[in-house]
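Good morning, and thank you for making time on the agenda.

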Amino acid sequence: MSAAENAPTPASTTSGASASETASEPAVSRSEVRGRVWQQLPLLLGLVVLWAVLWGQFSWLNLLTGFIVAILVTRVLYLPPADISGRLNLWYSFVFLAYFIADVTLASFTVAFQALNPRPIPTSSVIAVQLRTRSDFVMTLDAIAMSLVPGSIVIEVDRERAILYFHTFDTTTAADVEKMRAHVLVVEARIVRAIGSTDDLARINETEATR
């Protein structure tokens, strides 16, 4: 048999190359799979709790049904994955919750007093707040936390530039507007210290150190 007959054909060479490329493709490790499941777990648990709250009972059947619905929602109505850092600081989480409860309580009495006060309604404002982080998750929590406090509500979100637009109550002067803007940034810092990524935490610390 001649050397030409023993030479590999182009087709065999191509198939051999593609096979080697396929074999060289990195497989997804178990740790990566566990990491993805861990990132999606808070969303699934939140949907299950929301389902149980809507039905008004926390029975095993209700929780199982909620879990199935959560799986269907996350698979059918697919959204871009939230960038969850996986970091949790229990102390700063407690600090955030304590201040949040205090803010809600104080703002509730303030709004109630303004509603019963016979004087003219104070001036309200629409203000833009430039956040220091680029995390969609932190931005969402900041918007929710501020909207749950009576007297302020998010009316628009600029995701690309990380800007939240608020309609705020009782912001008569420029100093009141700046005070509200600073409060939004304080809430953002509390959230980042509780569950933010190390990059966001470093950005917050750097910004506050340069003040």
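The model is a predicted one, in which local features need pLDDT of at least 70 and side-chain atom pairs count only at pLDDT 80 or more, while totals for chains, interfaces and linings use all residues. Residues are numbered from 1 along each chain as its sequence is written, and side-chain values use heavy atoms, with hydrogens and water left out.

The protein chain has eight helices and three strands, taken as DSSP runs numbered from the N terminus (helices H or I, at least four residues; strands E, at least two). Their order along the sequence is α-α-α-α-α-β-α-β-β-α-α. Of its 211 residues, 26% count as buried; buried means under 20% relative accessible area, exposed over 50%, and partly exposed in between, with a 1.4 Å probe and protein chains only. Among contacts (heavy atoms within 4.5 Å) between residues at least 6 apart in sequence, 70% join residues at least 24 apart.

On a 1 Å grid over the protein atoms alone, a cavity is a set of points where a 1.4 Å probe fits but cannot get out; a pocket is an open set with protein on both sides within 12 Å along at least five of seven lines; and lining residues have an atom within 4 Å of a point. Grid points are joined across faces, edges and corners, and a volume is the space filled by probe spheres set on the points.

The second largest pocket has a volume of about 540 Å³. Its lining comprises 17 residues, and those nearest its centre are Ala107, Phe169, Lys179, Met180 and His183. Two or more lining residues come from each of α5 (90-116) and α7 (174-195), and α5 provides the largest share, five residues.

How many cavities of 30 Å³ or more are there? The count is one, and about 50 Å³ of space lies in this largest cavity. The residues around it are Phe96, Tyr99, Phe100, Asp103, Ala145, Met146, Val149, Val187 and Arg190. Helix α5 gives the most to this lining, with four residues.

Two of those lining residues lead to my last topic. A salt bridge here is a side-chain nitrogen of Lys or Arg within 4 Å of a carboxyl oxygen of Asp or Glu, and the count comes to eight. Arg190 and Asp103 form one of them, at 3.8 Å from N to O. Arg190 lies in α7 and Asp103 in α5, so the pair ties together parts that are 87 residues apart in sequence. Arg190 is buried, at 16% relative accessible area, and Asp103 is buried at 18%.

Glu208 and Arg132 also meet in a salt bridge, at 3.9 Å from N to O. Glu208 belongs to α8 (residues 198-209) and Arg132 to the loop between β1 (125-130) and α6, so parts 76 residues apart in sequence are tied together. Glu208 is partly exposed at 30%, whereas Arg132 is buried at 11%. Both belong to a network of salt bridges that links Arg132, Glu188, Arg193 and Glu208.

Finally, Asp200 and Arg203 form a salt bridge, their closest N and O atoms being 2.8 Å apart. Both residues lie in helix α8, three residues apart, about one turn of the helix. Asp200 is buried at 7%, and Arg203 is partly exposed at 34%.
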